[in-house]
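Please open the model in a viewer and keep the selection tool at hand.

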Amino acid sequence: MPQNEPTTATTGERTGGTGPGDAPAGLENLLHETRAFPPSSGFAAHANAQPGLYDQAREDRLGFWAQQATDLVSWRTPFTEVLDWSQAPVARWFGDGRLNAAYNAVDRHVEAGHGDRVAIHFEGEPGDTRTVTYAELQREVSRAANALSALGVETGDRVVVYLPMIVEAVVAMLACARIGAPHSVVFGGFSADALRSRIADAGAKLVITADGGYRRGAASALKPAVDAAIAPKEGAKPTTVEHVLVVRRTGQDVAWTDHTDVWWHEAVEAADVQHTPVWVDAEHPLFILYTSGTTGKPKGILHTTGGYLTQAAYTHRNVFDLKPEDDVYWCTADIGWVTGHTYVTYGPLVNGATQVIYEGTPDTPHQGRWWEIVEKYGVSILYTAPTAIRACMKWGSEIPDRFDLSSLRVLGSVGEPINPEAWMWYRRVIGGDTAPIVDTWWQTETGAIMISPLPGVTAAKPGSAQVPLPGIVADVVDDDAHPVPDGGGGYLVLSEPWPSMLRGIWGDLERFKDTYWSRFPGIYFAGDGAKKDDDGDIWLLGRVDDVMNISGHRLSTTEIESALVSNELVAEAAVVGAADDMTGQAVVAFVILRGEHASEAETDEGSAAIEKTLRDHVAQQIGPIAKPKKILVVPELPKTRSGKIMRRLLRDVAENRAVGDATTLADSSVMDLIQTGLAKPSSSED
Ligand code: WTA
């Protein structure tokens, strides 16, 4: 059968009313999906993951994971125990084993004779390039590890990494791992305030940053945010940071504090190229990564070493069908997000892959930049987010059509549900109608991919992540934790522990238990609504909590509301994620102004000025990614009798829909007031 002829599968119909109720609109109105794309027989025959993997994992799940840990990871001291779940929900995987993550990602490949293999093809946004072999990476990581030790960083100390997507970002993470100092990477788009709170929560001793990075054709600064984040501030505890290690990337002028600031190139060049990795317990913390939750305070998601590396390597090998000798792999995620941790730094390197790292945006200096990179390096596996695919779709197929993309053989998607139109475009225009697409569902908390087709096994359905990977037990349950039948909708849960699961929220065990393990006692609740189709395949329907997903980036409604009310203009604020064609969801804020400012919004200029002030304020408090797309000044907010804001109704307004059931409102006239007030058009888009 030709590859572009989909077979007809049973319907993946999605209707509304999935139980969780508040799943974002738009996702629920999806089509009757009847297409399915099985792998070609050639692909299937040579795939790393064969159908037997499911049986193997089902027959002996723990034995299966032990096998993966043994096959894919090198242990200094082999483990004898697979899982200790006696302290649930804090798991211990491979607990008595000892290893080092950087040794696994780098040294062992050199020892195996692959020192000359390219680890990283770096492509800077201005067009500068750098090729780093595994042998070179070993020297650079070793030097950086020695430099960190020389600056007083010891095993167990936390290091914050605030860098652009450059080679040093990966080197910095691995240098930390090499000495057993957990890293906490903060996305370079976060503001000084956001950085300050993460540094403080992690109690970081050192920050690694750069003078700046290149973005959209210009150098943008990073170090000033670090300076501001560690400067004394009224009401804040003195910073725990002793040194700031600064990579010179752009050459722009930076303010310098002699007793704290150290140039990376000076410290690293002065350091010895020999370094013995620090062997740590399997459960030694590898990193903390902050992510948005349902409250205003970001959660420091804690991942440890042995189980995380095992699942990172296993998923990267099987979901992307990686053949390290032949493939050129490229994940477009920034290391500031979990995808950049597991599928840029750890998974590919532990598997000895050759990968591309690109610093900039897809449309700089032209909208074909990504495809130019694919052609130039012969990228064979591409992993990106639906929002980027939709942007490329909008720019038009003629742009990718100008490049030779025939090297691509596996395409991945992550971060948000991919709409079937984008899926089909991705397959046809980028994948030449043959490359399997793997739609991978997972979270910062899960550490690695959990639900995804296997490219050589599964007949892929556009828009569905489909099946839990071998070794993973996931289900869709109703309010009472009962699995829903095929065709039913409910909440996505993970019913058995998995190796790369989070081990907690940094410094807050109670919040960990409460957030993930209390909704359905003993079962991990992911926060996503989902539906099973008639084949039992899983379709993700979006978050059912107060977390939004903007361009695949997680933001919390409460966090943005707190930022808004911290401005003197605002008395109250409610934020919703409204469906958006490009970014999946967009931030829409409803604000009530303080009495003395209320009249300022009465003129068009006045309300435009207020919107601008508030948008800038959010950017300063959190970062530009959190800026509301729209801010609507309203006289009241819809609340239940117990005072809970009914965001569902505001979402109806934001999405220009008829307002749904408002009977539980304390004051039913509020919605009329809001809608009358909004009759005049408002726009505040950049
Ligand atoms: C969403 C990103 C549908 C989901 C790796 C999840 C997805 C949140 C998918 C985690 C997918 C991620 N289909 N939704 N393939 N992948 N999500 O922590 O709502 O940044 O809970 O991790 O993204 O976002 P996070």
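The stops below cover model confidence, the ligand site, a strand residue and several backbone features.

**Confidence.** Colour the chain by pLDDT, bearing in mind that this is a predicted model. The average pLDDT over the chain is 92, and 94% of the residues score at least 70. Next, select residues 1-31, where pLDDT stays under 50 and the model has 80 contacts beyond four places in sequence. Residues 681-686 also stay under 50, with 13 contacts beyond four places in sequence.

From a nitrogen atom of the ligand to an N or O atom in the side chain of Asp439, the distance is 2.8 Å. At Thr440, a backbone N or O atom lies 2.7 Å from a nitrogen atom of the ligand. On the side chain of Asp528, an N or O atom is 2.7 Å from an oxygen atom of the ligand. Of the 530 Å² of accessible area that the ligand has on its own, the protein covers 97%.

**Gln355.** Move to strand E19 (residues 354-358), where Gln355 lies. Is Gln355 buried or exposed? Gln355 counts as buried because its relative accessibility is 0%. Beyond its neighbours within four places in sequence, Gln355 is in contact with Ala119, Ile120, His121, Tyr329, Tyr343, Val344, Pro348 and Leu349.

**Cis peptide bonds.** Select Ala88 and Pro89, which are joined by a cis peptide bond with omega of about 5°. Pro89 sits in the loop between strand E3 (83-84) and strand E4 (92-93). Then select Thr364 and Pro365, whose peptide bond is cis with omega near -5°. Pro365 belongs to the loop between E19 and helix H12 (369-377).

**Positive phi.** Gln466 has a positive phi of about 70° and is placed in the loop between E22 and strand E23 (474-477). Gln466 counts as buried because its relative accessibility is 1%. Ser551 has a positive phi of about 50°, and its loop runs between strand E28 (547-550) and strand E29 (553-556).

Definitions and conventions
Residues are numbered from 1 along each chain as its sequence is written. Side-chain values use heavy atoms; hydrogens and water are left out. Helices (H or I, at least four residues) and strands (E, at least two) are DSSP runs, numbered from the N terminus. Buried means under 20% relative accessible area, exposed over 50%, partly exposed in between (1.4 Å probe, protein chains only). Contact means heavy atoms within 4.5 Å. A polar contact is a pair of N or O atoms within 3.5 Å; within protein, one must be able to donate a hydrogen and the other to accept it, and residues adjacent in sequence count only if both atoms are side-chain atoms. Accessible areas come from the Shrake-Rupley method with a 1.4 Å probe; for residues, only the protein chains shown count as cover. pLDDT is the predictor's confidence in each residue, from 0 to 100.
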